[in-house]
Amino acid sequence: MFANFSYNVAPNADDNGGGGGGGGGGGGSDLPLGVVVPYAGLIGGSAPYLLPADWLLCDGAEYRNDTIYEGLYNLVGFTFGVAPNNTVQTGIGVYSYGAVANTITFNTTTANLFMKAGTIVRPSNFTVTTGQDINGTYVLVTSAPAIGGTGTTTGTFVQPITGTGAGNPTGSHSVNRASFAVPNLVNKFPLGASYGGSPVPTSTGGVSTITISADNLPQHRHGYNLAAGTGYASVDGGNGNRAAQVQNYTNAGQTYLDGSNTATTNSAINVLNPYLALYYIIHAKN
């Protein structure tokens, strides 16, 4: 099944940035693009381990939608990432780059649609006043205003740019979202989708805890020994935690119980199955 599933521990020189856990260089796999599998190896931190070659971590990270991951982008598109109507950010003010090596700062003057740390964008129709033309370059956003807000956005150039420069965008200036996202399976497990039915691919759901109510309980009875007569009495509901007010109607031969909780906490119940946490990875490049 895993023919030619190889890896190495050298840094991936052609990784185009923007996400967590890019695969090591070299090697390959006979598995088709888009295959997702569990991975028991250690990655990240100070450990000298990387993902298998040509695989990415399923953590929702973004990657450029051209060059080495174009095949995966053509397969999944924006399925796991940005909505098509939020791919262009207009209202970009003055910008400057190079005050700190290879960084850019620009002012977002209209509501931020999608920019956040990890997003990759491409400037369009920027007017350069000093330095080189940065239109069409790739910028990895490192900080941005909250979604819907305005203010300063900073980033780094994916392909390093030397020197300094500045500009005052005019006309239809914008930054285009130039990335797509891989599936995010952190704290999730995959569920088989139905072709033409439910659940549909990419749908999400489920909870790890629930709080039950009276409607969740099956019908049941509690027995009481009551003396004949009329009036009210307080009785134990049988479990020490429920009190009931009892009114005995002797003429109808029935006993009515109006119950109320006195000592329950209505705490959530953990319904998470026993688990062993592993990374999920996706085959991203042939």
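Modeller: Start with aspartate 54. It is buried, at 6% relative accessible area. Buried means under 20%, exposed over 50%, and partly exposed in between, with a 1.4 Å probe and protein chains only as cover. This is a predicted model, where local features need pLDDT of at least 70, side-chain atom pairs count only at pLDDT 80 or more, and totals for chains, interfaces and linings use all residues. Residues are numbered from 1 along each chain as its sequence is written, and side-chain values use heavy atoms, with hydrogens and water left out.

Biologist: Where is aspartate 54 placed?

Modeller: Aspartate 54 sits in the loop between β1 and β2. Strands are DSSP runs of E with at least two residues, helices are runs of H or I with at least four, and both are numbered from the N terminus.

Biologist: What makes the pair of aspartate 54 and lysine 285 a salt bridge?

Modeller: The term asks for a side-chain nitrogen of Lys or Arg within 4 Å of a carboxyl oxygen of Asp or Glu. Here the N to O distance is 3.1 Å. That is inside the limit, so the name applies. Side chains of opposite charge can pair when their charged atoms come close.

Biologist: How many salt bridges does a search of the whole structure find?

Modeller: One. The pair links distant parts of the chain, 231 residues apart, with lysine 285 in the segment after β19.

Biologist: What makes these side chains a polar contact too?

Modeller: A polar contact is a pair of N or O atoms within 3.5 Å; within protein, one must be able to donate a hydrogen and the other to accept it, and residues adjacent in sequence count only if both atoms are side-chain atoms. The contact between aspartate 54 and lysine 285 is 3.1 Å.

Biologist: How do you know whether lysine 285 is buried or exposed?

Modeller: Its relative accessible area is 17%. That is under 20%, so lysine 285 is buried.

Biologist: What makes β2 and β19 a pair?

Modeller: Two strands pair if DSSP finds at least two bridges between them. β2 and β19 (residues 279–283) have three, in the antiparallel sense. In this pair, tryptophan 55 stands opposite histidine 283.

Biologist: Which sheet do they belong to?

Modeller: An open sheet of three strands, ordered β1-β19-β2, with antiparallel pairing. β1 (36–39) and β2 (55–57) each have a single partner strand, so one side of each lacks a neighbour in the sheet. The twist averages 40° from one strand to the next. Such angles lie between N-to-C directions and run from 0 to 180 degrees; the axes are lines fitted to C-alpha atoms, for helices over the stretch in contact.

Biologist: What is the order of the nine strands in the other open sheet?

Modeller: The order is β4-β12-β7-β9-β10-β6-β5-β11-β8, with antiparallel pairing. β4 and β8 (128–130) are the edge strands, each pairing on one side only. The twist averages 30° from strand to strand.

Biologist: Why is strand β7 called largely enclosed?

Modeller: Four of the five residues of β7 (residues 120–124) are buried, so the rest of the structure largely encloses this strand. Two bridges join β7 to β9 (residues 139–143), and four join β7 to β12 (residues 174–177). Isoleucine 120 faces leucine 140 in β9, while proline 123 has valine 175 as its bridge partner in β12.

Biologist: Why is valine 100 called exposed?

Modeller: Its relative accessible area is 54%. Valine 100 lies in the loop between β5 (92–97) and β6 (103–108).

Biologist: How do you know that isoleucine 269 is partly exposed?

Modeller: Its value of 37% falls between 20% and 50%. This residue is in strand β18 (residues 269–270).

Biologist: What makes a patch of Val207, Ile210, Ile212, Leu217, Ile269 and Val271?

Modeller: Patch residues have over 30% relative accessible area and no salt bridge; like charges are joined within 9 Å, nonpolar side chains (Val, Leu, Ile, Met, Phe, Trp, Tyr) within 5 Å. These residues form a nonpolar patch on the surface, with about 470 Å² of accessible area together. The areas come from the Shrake-Rupley method.

Technical notes
Accessible areas come from the Shrake-Rupley method with a 1.4 Å probe; for residues, only the protein chains shown count as cover.
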